[in-house]
Amino acid sequence: MKILFRLTVLCAALSLSTASISAAAANAEQETGLRVLPPTGTELFAGQRFDLRVESQVPARESPRLISLSVNGTNITETFNRRLAEQGEGAESGTPSSKLLYGASARNLSFDQPGHYAVEATVLIDGLERKIKNHYHVAPAPNPKDPAAARKLVFFLGDGVGLPMWTAARIVGKGVTEGRTNEPLAMEKMATHGISRTTAFDSLITDSAPGMASLISGMKMSNNSLQVSVDNTPENPVDNPRIETIFEYMKRVHGWKIGVVTDAFLVDATPASLQAHNRSRRDYTNIAQQMIGYYDDQTALKKTGYLSLAELSKPLDVLMGGGAAHWMSEKNPALRSFYQYPSGGRKDVDLIADIAPSKGYQVVRNLDELKNAPNDQKLLGIFSGEFRKTSSGLGPDNLPGVLDRLVARGAATIRGKGAEDSALGLNIAPPLGTECGETISKCFQNVPMKAEMMNKAITVLEQLTAKESREDGGWMLLVEQSQSDKMGHILEYDRSIFEVIELDQVIGLTMKRLENDKKALMVATSDHAQPQTIIGVALTEALESAAGKCFSTTNGQYPVTLGSPEDADRPCDLQDAIGTFNDATFTTYADSNKDGFPDDPSPSIKLIIEDGGRPTYSTTYLTNFQPLKPTASRKTEDGKTLELPALPNAQRQPQGLLMTGNMPTRNVKKGANKTSGPVEIAPHAGDDVIVGAQGTGAHYFSGYFENTSISHKLAQAFGAKAVPSQQSDKNGKLVGW
Amino acid sequence: MANWLVGNPVLTPFSQHSNILVRRPSLGWLACIACFIYAAPIDAIELVGRVVDNAQARVFSNATVQVRRNTEKSREALSNTEGFFRLSNVSAGAYIIDISLADGRSFMTRLMINPNSTTQFIELDYSRIVTPDDDEDY
């Protein structure tokens, strides 16, 4: 009995010890929320800058005080405090407004050597010494002077592209014969493949901000965060502890040129992740300034002018995308007459008209101007967006979708209809002036395709790099396919497939352009997946004839009558139209003009995709003539838009199959917009995503890894030596004070 | 300093509120603590939170925070001028938290109270649970 008791106590003690170890491994001391940032486990490389922050989250009864701070046992408290004194209290040091919290950030430090580092902080909180210890595995620094190093990177980011969408792009874009693909995707032809986990610091389902940001800085971040950690000063999104991206590092240390090409608005999360640092991905006016390195404002953006931020963030040399309203003054007439924004614009400065040119950027706004822009000058291209009033899917911030631009160029049709058909809303004058073209179709024609943007970007980056003739020089370009995600969100699957096909095309074109370049590396991956999957095929004709014969509404109003009311068994013709298992015959997409895109997204037999996460919506599986939101919304008394995720958009295929939603629907009391989790779109997925790599250093990208490991792999491809063992480096120091 | 509504409906000034801080026990105490933990009900956890909007750079005072789960009566607290609230004696387990801001807006989130602590912190960020706009971002 005594032995049994002792065993029980031992087991209990061991159990508690395990719990303590687990707690110690977490990122905050439990009772006070004491934490050190960057979070433990952040995958840094030597020389990479970060802000070292110590803070408490739970207010104490009296002001907490830092007792000691050490790195691998060496006390750095005095140095840390001296740095804080130099920076001064306030935003530069991230000082909390509450005296009952401790919080201090020493800016722009780095570990000087690779190895394992333990950073331990002790803070006196209400008479007790609280401790927290973080561990960092620091990889060697990039060394582009190494003859084997890559010195050019094209990083392809297919936003929201999970494995099913790569498959769909292959089936639709390449075709299948007797069970074999007619041709693999360029993505599949890449030399190396791996798998990346996408989980964010604070959520299993990441959004695009940490999804992209973690890839190039090695740090897990919270949703909505761009290259910063969350801190205890929520009243200021710009003072959070930051981390340097590998794009910024290569520019700062080796003079590399950096650029981004996207079809989203330029200040959207993915492009902004390259070098903007902000707790709020929606702080667009601030992010735009960071992208071109403009900190000298005295008007609406006082929070931008931090010395440490200006020192850390490196401006982009090439930028192309949409979203003029975040860059131009609200008084600039081109915002209406060319870009077709009915409202919006900056209230302080005009970055396009005034600031960017003064910083040496050539500014272009359409394909013609892009072609004629000099190749040896920094380039800022902001193109017009999806401004059709009859389309509710994207809005003027984002470039028109690939399918819609192809239709405008006469290179595709939608269910047999071309740009001249009124159903597509392209053959009319733009609503706010004809500066971009006499018709919407003309405006869309002059919005460049991704290949046109990418080729120009590479040419400019090559020439800017060559001008400096540095022995260690090079360049990095992010090519984002944004609307693979945005079209997926609104359940425009056919359009989303066209987006992935375009992404794959530019991967292939780049592989061809750089195939003999021994300094080039190409990496392709996604920030996260979406829950789409391929469920079968359907005859377009059958879908058209079945529409309206199943799940009918009453004058477009919901609820609906289920199935066919004439038959007590309630069969559904639209469901019957889906061919799966033995009936999943091969699709019949054709590419008669050999441009790599199907001529029409609805051929005689088309692919059917469904979504594992969705609001309630209606679908015939036919391609919409214009992108449309899937669900209804209404205006509240105070003029806000209230989304209704349980109610389909009555204008979007009301004769279709009613797809019952599984996303949250609860609306908010008193009309506040979109809180409590109503999700009127298909969500992101928590799935892992594929990574492809080609060129010098591609072999580092095989395996199964965290998204944060990609930063290390890039550093290795850029000449860093092999990652060392986990042993502490006794000689390593924190530097940059 | 604003008052804290701790439990329902007892008002306790924040400065008087007890905050039990425990040093990590030495090995000699582990067995006793372990026995205690295994024998005693786990209901002495203090929940501390902050109601904020990171996107708008705001903290919310006078926000009503209601913590509920099916089998128990809900608990309620009010945030102070710096957005903090505190609830004592919360049992371990999964909860839904309803937050009503003073301006009428409201939102909710979920929380797992960890049994291995005496205090647990949560940041309730209005902006974090806002679904991105269709025509903007994701």
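Just after helix H15 of chain A, Ser469(A) takes a positive phi of about 50 degrees; helices (H or I, at least four residues) and strands (E, at least two) are DSSP runs, numbered from the N terminus. This is a predicted model, in which local features need pLDDT of at least 70, side-chain atom pairs count only at pLDDT 80 or more, and totals for chains, interfaces and linings use all residues. Residues are numbered from 1 along each chain as its sequence is written, while chains are lettered from A and ligands numbered from 1 in the order in which they are written.

**Helix H15 of chain A**
- H15(A) covers residues 450–468 and reaches 27 Å from its first C-alpha to its last, close to the expected 27 Å (1.5 Å times one less than its number of residues).
- Its buried residues (20 or more other C-beta atoms within 10 Å of their own, C-beta atoms being placed from the backbone) include Met453(A), Ala457(A), Leu461(A) and Leu464(A).
- Among the elements covering the buried residues of H15(A) are strand E17 (475–481) and helix H17 (493–513) of chain A.

**Nonpolar cores**
- A nonpolar core is a set of buried Ala, Val, Leu, Ile, Met, Phe, Trp, Tyr and Cys residues joined through C-beta atoms within 7 Å.
- The largest has 191 residues, and Ala457(A) and Val523(A) are among those with the most contacts inside it.
- H17(A) gives the most to this core, with nine residues.
- A second, separate core of 24 residues includes Ile45(B) and Phe85(B).

**Chain B**
- Chain B has one helix and ten strands.
- Buried residues make up 40% of the 138 residues in chain B.

Key: A residue is buried if 20 or more other C-beta atoms lie within 10 Å of its own, exposed if 12 or fewer, and partly exposed in between; C-beta atoms are placed from the backbone. Two residues are in contact if their C-beta atoms, placed from the backbone, lie within 7 Å.
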